[in-house]
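I opened the model to look up folds, contacts and side-chain pairs. My entries follow in the order I made them.

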Amino acid sequence: MAKNVSLDSVDQKLALAKRCSHEGVVAGAKAAVVASVAAAITTYACGKMSPWARANLNPTAKALIVSTAAGMAYFIVADKTILATARQNSFKQG
């Protein structure tokens with residue numbers, strides 16, 4: 001009987017962890033989209049207005065700038081969301 005209780009507890013914790021990570025993925029994806037749009041607009045405008053950028057930034061460099069901003073936003077927001085959700089769940093259980 002004790003094994004069933006412990007397995008139920010483990011299943012509940014696993015479901016909670018999956019929910020935390022899913023919320024982090026969704027929040028990170030939203031942040032990545034916003035960062036991509038913001039970085040693309042500024043990179044495009046800089047490439048059109050700045051003579052230095054027009055001469056020195058090829059399309060690959062511009063794509064790298066946008067993708068780096070999106071990647072950083074995704075990982076930072078996903079990490080913060082997962083930690084915040086885990087903290088809330090630990091307070092509820094404790």
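**Entry 1: T85.** I started with the contacts of T85. Leaving aside neighbours within four places in sequence, T85 is in contact with R19, C20 and E23; contact means heavy atoms within 4.5 Å. T85 sits in helix α3. Helices (H or I, at least four residues) and strands (E, at least two) are DSSP runs, numbered from the N terminus. T85 counts as buried, at 6% relative accessibility. The cut-offs are under 20% relative accessible area for buried, over 50% for exposed, and partly exposed in between (1.4 Å probe, protein chains only).

**Entry 2: ground rules.** I noted that this is a predicted model, in which local features need pLDDT of at least 70 and side-chain atom pairs count only at pLDDT 80 or more, while totals for chains, interfaces and linings use all residues. Residues are numbered from 1 along each chain as its sequence is written, and side-chain values use heavy atoms, with hydrogens and water left out.

**Entry 3: the salt bridge.** How many salt bridges does the structure hold? I found one. A salt bridge here is a side-chain nitrogen of Lys or Arg within 4 Å of a carboxyl oxygen of Asp or Glu. Side chains of opposite charge can pair when their charged atoms come close. The partners are E23 and R19, and their closest N and O atoms are 3.3 Å apart. Both belong to helix α1 (residues 2-49); because they are four residues apart there, about one helical turn separates them. E23 is partly exposed, at 33% relative accessibility. R19 is also partly exposed, with a relative accessible area of 39%. I recalled that T85 is in contact with both R19 and E23.

**Entry 4: cysteines.** I looked for disulfides next. The rule asks for a pair of cysteine sulfur atoms within 2.5 Å. The count by this rule is zero. C20 is buried, with a relative accessible area of 7%. C46 is partly exposed, at 36%. C20 is also among the contacts of T85.

**Entry 5: helix α3.** I then took helix α3 as a whole. Helix α3 covers residues 59-93, which is 35 residues. From first C-alpha to last, helix α3 reaches 51 Å, close to the 51 Å expected at 1.5 Å a residue. The expected span is 1.5 Å times one less than the number of residues. Which residues of α3 are buried? I listed V66, A70, A73, A78, T81, T85 and N89.

Entry 6: A73 lies in helix α3 and is buried at 16% relative accessibility. Not counting residues up to four places away in sequence, A73 touches A31, A32 and A35. A73 and R19 are 54 residues apart in sequence and 20 Å apart in space, C-alpha to C-alpha. T43 lies in helix α1. T43 is buried, with a relative accessible area of 9%. Leaving aside neighbours within four places in sequence, T43 is in contact with K62, I65 and V66. T43 and R19 are 24 residues apart in sequence, and their C-alpha atoms are 36 Å apart.

**Entry 7: aromatics.** I found one aromatic pair. The rings of Y74 and F75 have centres 5.1 Å apart and planes at 85°, so the pair is edge-to-face. Rings of Phe, Tyr and Trp (its six-membered ring) pair if their centres lie within 6.5 Å; planes under 30 degrees apart count as stacked, over 60 as edge-to-face and the rest as tilted. Y74 is partly exposed, at 25% relative accessible area. F75 is exposed, at 59%. I also looked up F91, which is found in helix α3. F91 is exposed at 65% relative accessibility. F91 and Y44 are 47 residues apart along the chain, and their C-alpha atoms are separated by 46 Å.

**Entry 8: the whole chain.** What is the secondary structure of the protein chain? I counted three helices and zero strands. The order from the N terminus is α-α-α. The C-alpha trace spans about 75 × 20 × 15 Å along its principal axes. The radius of gyration is 21 Å, whereas a compact globule of 94 residues would have one near 12 Å. That radius is taken over C-alpha atoms, and the globule rule is 2.2 Å times the number of residues to the power 0.38. Buried residues make up 19% of the 94 residues. Of the contacts with a separation of 6 or more, 79% join residues 24 or more positions apart.
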